[in-house]
Every structure is written in structure tokens, then in C-alpha cells.
Amino acid sequence: MRLRGDLLTAYLFVLPVVVSLAVFLVGPIFYAFWISFFRFSFLSPEQSTFVGLANYIRLFHDPRFLKALANTSFYALGVVPVQIAVAFLLALIVDGQIKGKTFFRVVYFLPTVTSTVAVSVMFMYLFKNDGIVNMVLERLALPTVDWFHNVRFALPATMVMAIWTTVGQLIVIYLAGLQDIPDELYAAADIDGASPWQKLRYITWPMLRNTTFFILIMSLIGTFQVFDQMYVISKGEGGPQDATLTVVFYLYRTAFKEFNMGYAAAMAFVLFVIIFVLTLIQRRLFREETA
Amino acid sequence: MRVDLRPFVTVWVAFVLVLSLAGCGAQRGANKQQAAQPAKEGETITLRVGGWASSPEEQAILDAQIAEFKKNHPNIDVKFEPVVGDYLQKLQPMIASKTEPDIFYLDAYAAPAFMDKGVIEPIDEYVKKNNVNLGDYEDSAVKAFQWKGKTYGLPKDYSTLALFYNKDMLDKAGVKPPTNWTELKETAKKLTKNGVVGFSMSAELPRYQPFVMQTGGSVYDGEKATFDRPENALALDFFYGQMMREAKIAADPKTLGVDWSGDAFADGKTAMVVEGPWLIPHLAKKAPTLAYGIVELPVAEGGKPANMMFTVAYVLSKHSKHKAEAFQLMAYLAGEAGQRVVVERGLALPTNKTLGQDFADRYSERKPFVDAAAYATPFQYGTIGVKLVDAGNKAAEALLLGTQPNAAEALKAAQKQMEE
């Protein structure tokens, strides 16, 4: 009897969270899945028509979606490895015995706490046709490019920006991981006469496996969902010539500019499946190596 | 071991109950008959007007209009509810939940989606009852709000395009503002020097479309894109190919390091631009000492003048409880008396033809905009507008960037994008 009363109290306590999650998160997700099978009209939901899998089938014949998917993959494959490598290196440096490391930690972390929009605007000034980057290139007698308005360079320039912005956050995570490695391991390695490289290769890197896995997954998810940088830089167009059109960007345009909610919902679920599968693959790979 | 599931079940039953109740409530509200309830004698009703928050100047116009209306309708209270941020994005859920204002602004470009779905009220009946003469309005502006034989909006103001030129630069070069394409090219050539390009126009459909139409082309016809008509290529090749890419006597504002040609003009980076009356207050603020003139768009040799009409109307909510009064309000705001306030402020162009003449007399330098209304095509492409403008912009951009060899190919690609 007593126990039941306690249980009831406990359930009552979790009720607000359960309800709010169900209403504002789980419910909409199921609803979005539901409308992805419709030609859905936001203006008058009563006029929506059921189209079965048509939205999903159309996606894979839509050259703009495929282009967006290619852009997103290119972006993710370019940004994630570089991001991780740079963050790892900088974390090692900041973790070491150098002067003013607190200063460097702050400096590296600053871009992360700056809003993406502000960062994007700043980079637009840097990469403008008459911006600082081109001024420097001109001084060095190198050819200049109108970065964000060039089909070939718009996406890479955005990638540079993304790396610059997010590296700080990854450094902090790596630093936490580095501090968790017991000193005894390094002491034992010293006694065995291990070189710094060997210590890095056989102690630091393997001990950070979990951290790296976490960062890898979070970065991949983040890069596959990239939207705001592109939105600001291309003024909501995804240009030039769809060069900066990403999946989420295309989804946004479809949903809120063309008001084609059903098709946009289908896109969201395809993206979800892609990210889900990628995460599963990584998990499998990492587990095998550990075993 | 038996686990007592009852509390758990209770909680979930309660939860489901709450949800379904909420659902029912919404449903009931939705199904409720929104019968017209004319205001009773002595009763005060409130009408809500929806629009986007614009400049303080425009707000002052509306406030003055509403004050005038209230004088003659003491039992009607009018409340303006400006939307901050993306207007259409906020308007749609309001309509879906049947809580939109009684009358609200709607841009011609966005209107077809609303008219086609039938989520705004056709006003033909009210027009007849209140003796509103649609013939008083600029024809293109009215046409922009007609769909399948019904009228949905009363246009409140409009803008067209004209050629702005820098007086000092043209005087120094000893040239007159161009009236046709050959003159435009020659003038631009003479004015391109000392870091200034003669002419600037963005790679956007609503800028090059008038020139396409001058040579007999078109990009839209009855819910279909017509980018691949052979006569369309001429204008694109001339502006983005010959003038910009080859001769470099003209440039896209982006390559000049600014967002739109209005800024390039204000900064003195270019001598001539194609823009609308919105550039006038911008110049007054950003370049108050700049001496400039406005003329009608240069016309292709042997072609006929063409222009774009950007217009916004008041439309009537389907769910308004006071449709008759709401229509009276919009008929006043978009009518002769209401638009007289617009004319006095000299900011937007009045859609009323007689007042348009008044406006042209009073602000003679802005006459080119009024004159263009007679031959302008509304900036509206049915329900495929967003896609069509995107494809059209890309065609010009591709030509400029050199990713397409010529206008014919660029337009063919645009047409293909529309047919996917």
C-alpha cells in the first residue's frame, strides 16, 4: 500500500516532463512522420491529400535534393576530420606546460560562444571581394577570388568558418578527456623509456577513444544538420547556383518558402535515417576495436 | 512478482485525457460556425488589421488613415497588429488556427497560394454592395489579386521600376540619360572609369524581366514557366553577357561588394541602376547630397515598354465575424479618401488612377514610376512563384558566373528546373 502511494507520487512528479516532452517533442515528430505521406497544405490542413510514399520517391529523383545531399556530405567529410585533428593538437598544446595557457584556452573557446550569425557576418567581411583575405592575397601577388559568390569556393570558405567556430568546443571536451588519463601510465612509460611519440600513440590516443567517439558522432550530426551559416552567407538563397544548399537548408526553403510541408517532412526523415545509420556504423567500428 | 501497474495506468489515462480534451477543444473551435454578426446599434466592435511592421513613416500613414476612418465610424474600433519577422510564416498558422486579423496585407507575389486554397474571402459581393469601382484602380494591380474569376483584394499601393542616374557623373561625361539599349551601353561605357562602373543591376528575375518583355519575351504564362522561349535570351545576353561579363561596363552589386544596387548607387560605385521608389528614402538617408535623376527604363529598339508592378493589397479574412464592416474599412483604406493620405506623404504610389495623376503632378520627379504603371506586369507567378523566381535568378547568375555559356542554355536549365 505504502509502496503504491510512493509510486504514484513519483509518477506525478515525472508527469510534467513526460507531458511536455510528449506534446512538444514526441508528438510533433510523429505528426511530422504522418504528414510526410501527404501533400500537406499548411494553409488549410483539411485540403491535404494522401500520397503514400510519393514524397520519398520524388526525393531521390529531385536533383536539388541530391545536390544538397552531396553538398552536405562534402561539408561533413571535410569539416569533421579537420576539426578533430586541429582540436586534438590544440588540446595537447594547451594541456602542456606552456606560458599563458589559460589565455589560449579562452581565446580558442571564444568563437564557440559567439553567435553563428555574428561569425558569418564577420567572415563575409573577411572573404568579401574587397575584403581582408583578398587584400592579403593581392599583396602576395596571388590570384584573388570572390569567395562567397564563386561556385567552387563558396562551400569550402564556409567550411573554414565552421572549423574555426567549433574547434574551441571540441578542445574543451578533449581537455577533459586528457585530464582523465592517470599520470601513472605516463610514469610507467617513462620507466620503460618510451619516446614522446610513443606515449602519444600508445597512451594518449587510445585513452581518448571514448572522447573521440563522442566528438565524432556529435560533429557528424552537427555537420549534417548545418543550416545557419549557409543561410546568412547566401542571404537565404543557397547560392551561388545551389553551391551552399544543404539538406536542412533545402528543407527549410521547401517548408517555409514554398510551404510544401509534406515534402519537407519526408526530407527530415531521410536525413534522420542517414544520421542514424552513420551513428550505428561508427558504434560498430569503435566497439570492434575495443574488443 | 506482481507489479502494480495501476498508478502508471492512471497517469497515462490522465495524460491521454488531457491531450484528447485539448484536441477536442481545438476541434470544436474549428467547427464552430463563424456566422456573420453585423454590429448592433450602439455596440462597439473591434476590427483587427494585420500587416508587417515597416518604417515609422509608413506607420504614420496608416495611423492617419485609421484616425480618419474612426471619425465616420464611431462604433468601430480599429487595431493595427504588426507582425515582426517573417510575415507569411506567421500568417499561415494564424489562418490555419482561424485567428488571423479581419483584414490584412498580402503581397501579390504570395497571394495566389491563398486565393487558390480559398483561405481568404472573395470580395466581389461586397464590392458590388458598397459601390466600389474596381476600374478606379490601376488595372495590373487589381489583376494581381484576381484568381479564377474572383477578386480577393483591394490594392493599397504599388511600386514600379525606373532608371536612377547620377547627375554629376552624367553631366561630367556630357551625356544624357539613355532611352534605349544602345544608348545605355554607350553611356555605361563612357561612365566606366576611376573605379566606377556605368551600370549595376542584380542577377534577379524581377530586374531583368521588364527587358525580356520589351523584346516580346515572357517567363510565365498560366501557371507554367516559359523560360525557354527563344526571344527571352536576347535581354539576358545583352545585360549579363555583353555588358557585364564581356565589356565589364556593368556589374552585379555583389561583385561591387554590396548587397543591392541601391547601395552601389548610394556609395557612388555605379552611375546608373534599375530600382523602385524605395530607393528614394534610402538615398535621402545614406547619401543626402547625391544629385540624381529618375527616368523610365530604357526600351529595346523596336520593342515596347514593359515594367514590373510590385503591389500589396488588403484582403478579407474568411473567419472574420464582421465581414461587412471589415470590408468597409478596407474599402476606405484602399479607397480615394484613404489613399489621399498616402499621396500627401509622398512615399508609396497610390493605386487609384486619379490620385496617381495627382501624385505625378506633385512629385514630378517620380512621374516615371506612375507612367510605368500603365504597361507594368504584376510581380506574380501564380502558385509556382517561389520556384520560378529561384530558377530565374539562377539563370542570370549562371550567365554572370560563366557556369552557362549563353543565355539560351541558362534559360533552358531554368526551364528544366521548373519541370522537375
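This is a predicted model: local features need pLDDT of at least 70, side-chain atom pairs count only at pLDDT 80 or more; totals for chains, interfaces and linings use all residues.
Side-chain values use heavy atoms, without hydrogens or water, residues are numbered from 1 along each chain as its sequence is written, and chains are lettered from A and ligands numbered from 1 in the order in which they are written.

A:Pro240 sits in the loop between helix H11 (228-233) and H12 of chain A; helices here are DSSP runs of H or I with at least four residues, numbered from the N terminus. Leaving aside neighbours within four places in sequence, A:Pro240 is in contact with residues including A:Phe148, A:Val151, B:Glu397 and B:Leu401, where contact means heavy atoms within 4.5 Å.

Now for the two chains together. The contact takes 35 residues from chain A and 36 from chain B, and the area buried between them is about 3,100 Å², with 62% from carbon and sulfur atoms (buried area is the accessible area, 1.4 Å probe, that two parts lose on being put together, summed over both). Five salt bridges turn up across this interface, a salt bridge being a side-chain nitrogen of Lys or Arg within 4 Å of a carboxyl oxygen of Asp or Glu. B:Asp390 and A:Arg64 form a salt bridge through their side chains, at 3.1 Å from N to O.

Notes. Helices (H or I, at least four residues) and strands (E, at least two) are DSSP runs, numbered from the N terminus.
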